[in-house]
Amino acid sequence: MKLKSIFLPALLLMTLPVQAQDYKIAIIGMVHGHVWGHLQPMLNGKDVKLVGIAETNPDLIAEAKKRGATSTPFFSDYKKMLDETKPDIVWTFAENNRHLEIVEACARARST
């Protein structure tokens, strides 16, 4: 159980420059059940702020809100979320066959 609570900070330390800064993180999709183990650390993050969640399934949105994402904006279009929130980090829990599409959209959004 302890491993789950340190996974996100370890991931951030491995992928981001080492400096005091607040990073914006966004979630695309919530269909993979392991999102729930990572949601609370993202909501409680000291060095990250959850700036948006892209999801269209009302049951998953309700579950996320039940688990504390009450002040996080939800988007039905992840490209709109990327454009409006400009996250530094995107973590996707979407269907596996959508990962390439999402990575390409994130790369395009980051290059503009």
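Among contacts in the chain between residues at least 6 apart in sequence, what share joins residues at least 24 apart? The share is 68%. Keep that in view while you move through this predicted model.

**Stop 1: the whole chain**

Show the chain as a cartoon. Five helices and four strands make up its secondary structure. The pattern along the sequence is α-β-α-β-α-β-α-β-α.

**Stop 2: the surface**

Switch to a surface view. Now colour by relative accessibility. The chain has 112 residues, and 36% of them are buried.

**Stop 3: helix α4**

Next come the charged side chains. How many salt bridges does the structure hold? There are six. Helix α4 spans residues 78-85, and both partners belong to it. Because K80 and E84 are four residues apart in this helix, about one helical turn separates them.

E84 has 49% relative accessibility and counts as partly exposed. The cut-off for exposed is over 50%, so E84 at 49% stays in the partly exposed class. K80 is also partly exposed, at 46%.

**Stop 4: R98 and its partners**

Which residue meets E95 in a salt bridge? R98 does, at 3.2 Å from N to O. Turn to E101. The side chain of E101 also meets R98 in a salt bridge, here at 3.8 Å from N to O. The limit for a salt bridge is within 4 Å, so the E101 pair at 3.8 Å qualifies.

Are these side chains buried, partly exposed or exposed? Start with R98: its relative accessible area is 25%, which makes it partly exposed. Buried would require under 20%, so R98 at 25% is not classed as buried. E95 is partly exposed at 35% relative accessibility. E101 is partly exposed too, with a relative accessible area of 35%.

**Stop 5: a network**

Finish with another selection: E63, K66 and R67. Salt bridges with shared partners join these three residues into one network. Display the side chains together and trace the links.

Methods:
Residues numbered from 1 in each chain as written. Predicted model: local features only at pLDDT ≥ 70, side-chain atom pairs only at ≥ 80, totals over all residues. Heavy atoms only, no water. Helix = DSSP H or I, 4+ residues; strand = E, 2+ residues; numbered from the N terminus. Buried < 20%, exposed > 50% of the residue type's maximum accessible area, 1.4 Å probe, protein only. Contact = heavy atoms within 4.5 Å.
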